[in-house]
Amino acid sequence: MKPDMESERRAGPARYEYKFVEVPVKIGAGFRAASGETFEECKKIIVSEAENGWRFKQIVTPFSEKIHVYGVMGYQIIFEKEL
């Protein structure tokens, strides 16, 4: 076994830090979601966080637990960074 592989194996699995960024849906006229604006905001956040060393992991659309229906109130963008 090569020495560099042995030291990697002893170090154990990588550990990660996670960051959650909430992006509320942008409401346009007539209380409807503005077309594409929220997604564009998500893209800007992903690029900005990547420049700061965070890796995009996932984006989720949690439902509203208060009113018990599935309606997108916003997005949660999940980033990770190795410790």
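Leaving out neighbours within four places in sequence, Ile-77 is in contact with Lys-19, Phe-20, Val-21, Val-23, Cys-42, Ile-45, Ile-46, Phe-56, Gln-58 and Ile-59 (contact means heavy atoms within 4.5 Å). The model is a predicted one, so local features need pLDDT of at least 70 and side-chain atom pairs pLDDT 80 or more, while totals for chains, interfaces and linings use all residues. Residues are numbered from 1 along each chain as its sequence is written, and side-chain values use heavy atoms, with hydrogens and water left out.

Ile-77 also belongs to the largest nonpolar core, together with Val-21, Val-23, Cys-42, Ile-45, Trp-54 and Phe-79. Such a core is a set of buried Ala, Val, Leu, Ile, Met, Phe, Trp, Tyr and Cys residues joined through side-chain atoms within 4.5 Å; buried means under 20% relative accessible area, exposed over 50%, and partly exposed in between (1.4 Å probe, protein chains only). Helices (H or I, at least four residues) and strands (E, at least two) are DSSP runs, numbered from the N terminus.

What about H2 itself? Thr-38, Cys-42, Ile-45 and Glu-49 are its buried residues. After H2 comes Gly-53, with a positive phi near 90 degrees.
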